[in-house]
Amino acid sequence: MKQIVVLTGAGMSAESGISTFRDAGGLWEKYPVMQVASHDGWEADPVLVNQFYNERRRELLSVRPNRGHELVAQLERLFKVSVVTQNVDNLHERAGSSHVIHLHGELMKATSSLDPNNPQFIETLNAEHCNIAPGQKAKDGSLLRPFIVFFQEAVPMIETAAEEVSKANILIIIGTSLNVYPAAGLVHYAKPGIPIYLIDPKPVSVRINGVTFIQKGASDGMEELTQLLTAVE
Ligand code: OAD
């Protein structure tokens with residue numbers, strides 16, 4: 001069975017009603033990114049950072065996966081599929097994708113601020129308990145923080161993701177401006193010559209050859225690409 005890696009960004013969830021970061025009206029226009037999503041920002045004002053992610057969590061609970069997420073999940077009927085996502089939402093999982101690697105963390109999880117990647121301290125939030133309250137403590141007694149990879153922090157899943165990309169027979173990139181490293185560098189781990197498809201309504205610059213650009217939104221783009229891939233298989 002051929003292996004597909006789908007690399008996704010905020011544009012994947014745009015049609016579910018979640019704002020992207022860098023488009024006009026995007027999240028980083030409304031909130032100063034270094035205040036709400038950086039390690040320094042967390043140290044300076046954890047209450048503000050928790051409030052920002054509490055809001056994101058409530059938003060996530062009010063939306064659903066879109067047709068694009070569903071079609072990505074359905075690729076598993078014909079291919080071995082890994083989704084490598086920069087998104088912290090759980091819409092790929094809710095649409096049925098069974099192998100999702102989250103590069104930037106997961107919104108529905110919280111963790112220790114002293115040892116954030118220690119699985120012992122990672123807790124799952126739910127609809128009834130989705131807020132982190134000011135001063136709330138993690139299991140190790142440190143301040144409870146969102147399980148999000150802040151700017152200025154290492155990306156622990158990057159090596160796992162790079163290995164997946166290097167094994168792919170087909171790479172699909174959906175809805176990412178490819179501005180943020182190391183995620184954006186993952187495309188360079190693709191084996192030379194494999195088909196690479198990029199779905200985005202706006203032109204995105206990828207500095208590799210042979211990329212087939214489908215200039216559409218995630219749902220329409222995935223409809224087109226599914227037809228293309230199923231015709232070949
Ligand atoms: P960006 O906001 O930088 O890029 C979103 C991309 O989605 C753009 O290329 C848009 O053209 C595209 N887009 C918009 N609507 C779309 C649609 N309906 N269908 C498909 N694509 C659409 O978001 P990311 O590249 O995901 O990190 O940003 C990467 C990281 O920067 C995020 O994970 C986040 C952010 O800071 C952290 O917070 C750690």
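**Entry 1: L178 and its loop**

I began with L178, which counts as buried because its relative accessibility is 12%. I take buried as under 20% relative accessible area, exposed as over 50% and partly exposed as in between, with a 1.4 Å probe and protein chains only. L178 sits in the loop between β7 and β8. Its phi is near 55 degrees, a positive value in a residue other than glycine. I noted the background: most residues other than glycine have a negative phi, and most peptide bonds are trans. P182 lies in that loop too, between β7 (170-174) and β8 (196-199). I found the peptide bond from Y181 to P182 to be cis, with omega near 5 degrees. Helices (H or I, at least four residues) and strands (E, at least two) are DSSP runs, numbered from the N terminus.

**Entry 2: what I am working from**

This is a predicted model, in which local features need pLDDT of at least 70 and side-chain atom pairs count only at pLDDT 80 or more, while totals for chains, interfaces and linings use all residues. Residues are numbered from 1 along each chain as its sequence is written, and side-chain values use heavy atoms, with hydrogens and water left out.

Which residue other than a glycine has a positive phi of about 80 degrees? I found Q152 there, in the loop between β6 (144-148) and α8 (158-167). Q152 is partly exposed because its relative accessible area is 47%.

Leaving aside neighbours within four places in sequence, S38 is in contact with V33, F150, F151 and Q152. S38 is in the loop between α3 (33-36) and α4 (39-44). At 0% relative accessibility, S38 is counted as buried. I also looked up its side chain, which reaches the backbone oxygen of M34 at 2.5 Å. A polar contact here is a pair of N or O atoms within 3.5 Å; within protein, one must be able to donate a hydrogen and the other to accept it, and residues adjacent in sequence count only if both atoms are side-chain atoms.

**Entry 3: the ligand**

Which residues come nearest to the ligand? Of the 24 residues around it, I have E15, H104, T176, S177 and D200 as the nearest. Near means that one of the residue's heavy atoms lies within 4 Å. I sorted the shell into 10 nonpolar, 9 polar and 5 charged residues. In that sorting, Ala, Val, Leu, Ile, Met, Phe, Trp, Tyr, Cys and Pro count as nonpolar, Asp, Glu, Lys and Arg as charged, and the others, Gly among them, as polar.

I then went through the backbone atoms. A backbone N or O atom of G11 is 3.2 Å from a nitrogen atom of the ligand. A polar backbone atom of G175 is 3.3 Å from a ligand oxygen atom. For A218, a backbone N or O atom lies 2.9 Å from a ligand nitrogen atom. The ligand taken alone exposes 800 Å², of which the protein buries 93%. These areas come from the Shrake-Rupley method with a 1.4 Å probe; for residues, only the protein chains shown count as cover.

**Entry 4: two domains**

I looked up the domain assignment, which gives domain 1 (1-17 + 65-104 + 155-233) and domain 2 (19-62 + 107-148). The bounds come from an automatic or database domain assignment. The domain centres, taken over C-alpha atoms, are 25 Å apart. I have 15 residues of domain 1 in contact with 12 residues of domain 2. The ligand shell draws at least three residues from each of the two domains.

S13 is in helix α1 (residues 11-14) and is buried at 1% relative accessibility. Beyond its neighbours within four places in sequence, S13 is in contact with I18, N66, H69, N87, D89 and L91. I followed N66 next: it caps the N-terminal end of α6, with a side-chain oxygen 2.7 Å from the backbone nitrogen of G68. In α6 (residues 67-74), I find G68, H69, L71, V72 and A73 buried.

G105 is found in strand β4 (residues 105-112). Buried or exposed? G105 is buried, with a relative accessible area of 6%. Its contacts, leaving aside neighbours within four places in sequence, are N87, V88, F147, I148 and V149.

Last, I checked R56 in helix α5 (residues 46-61). R56 counts as buried at 12% relative accessibility. With neighbours within four places in sequence left aside, R56 is in contact with L27, Y31 and L107.

Note on methods: Contact means heavy atoms within 4.5 Å.
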